[in-house]
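Morning, everyone. I have one model to walk through today, and I'll keep it short.

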Amino acid sequence: MRPRLALDPASLAHRLALQQPVETTDAQGGLDVTWVTVANIWCALRPVRLTEETRAHQQIEDIFHDITCRFRTDIESGWRFALDGRTFTILSVHDPDERRAYLVCRTRSEGR
């Protein structure tokens with residue numbers, strides 16, 4: 001028997017926009033990506049790790065979060081969550097106890 005994910009429902013305290021990328025062709029034959037909000041859902045947001053590196057002579061921080069939400073079948077890697085001008089790109093999605101109660105999404109956001 002697998003242990004249940006111990007999660008207090010009150011920890012789902014952040015209302016995040018779940019966004020899906022939509023590609024359209026532009027007048028030059030290239031692709032434009034726009035983000036469409038699929039749903040606004042309550043989530044738990046937990047920072048996991050911070051990495052720092054230099055890109056183009058600038059110090060860039062990547063912040064990894066685990067975002068937990070109630071189980072849904074429509075969340076995919078490559079989508080993102082948005083909150084107050086920040087975006088969290090979904091790297092992986094998994095059902096931690098395989099009971100279809102919650103999903104944990106590992107995400108990456110760029111530091112400010």
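Start at Thr 89. Its bridge partner is Arg 108, in strand 6. Bear in mind that this is a predicted model. The pairing here joins strand 5, residues 86-94, to strand 6, residues 102-110. It is antiparallel and runs over five bridges.

Now zoom out. Those strands belong to a closed barrel of six strands, in the order 1-2-3-6-5-4, with antiparallel pairing. From one strand to the next, the twist averages 45°.

Next, the salt bridges. How many does a search of the whole structure find? Three.

Take Asp 66 with Arg 46. Their closest N and O atoms are 2.9 Å apart. Asp 66 sits in strand 3, residues 58-70, and Arg 46 in strand 2, residues 31-55, so this pair ties together parts 20 residues apart in sequence.

Asp 66 also meets Arg 106 in a salt bridge, at 2.5 Å, N to O. Arg 106 is in strand 6, so here the parts tied together are 40 residues apart in sequence.

Buried or exposed, what is Asp 66? Buried, at 9% relative accessible area. Arg 46 is partly exposed, at 49%. Arg 106 is partly exposed too, at 30%.

The remaining salt bridge pairs Arg 72 with Asp 74, with the closest N and O atoms 2.8 Å apart. Arg 72 is partly exposed at 24%, and Asp 74 is partly exposed at 25%.

Back to the shared partners. Arg 46, Asp 66 and Arg 106 are joined by their salt bridges into one network.

Notes
Residues are numbered from 1 along each chain as its sequence is written. This is a predicted model: local features need pLDDT of at least 70, side-chain atom pairs count only at pLDDT 80 or more; totals for chains, interfaces and linings use all residues. Side-chain values use heavy atoms; hydrogens and water are left out. Two strands pair if DSSP finds at least two bridges between them. Helices (H or I, at least four residues) and strands (E, at least two) are DSSP runs, numbered from the N terminus. Axes are lines fitted to C-alpha atoms, for helices over the stretch in contact, and angles run from 0 to 180 degrees between N-to-C directions. A salt bridge is a side-chain nitrogen of Lys or Arg within 4 Å of a carboxyl oxygen of Asp or Glu. Buried means under 20% relative accessible area, exposed over 50%, partly exposed in between (1.4 Å probe, protein chains only).
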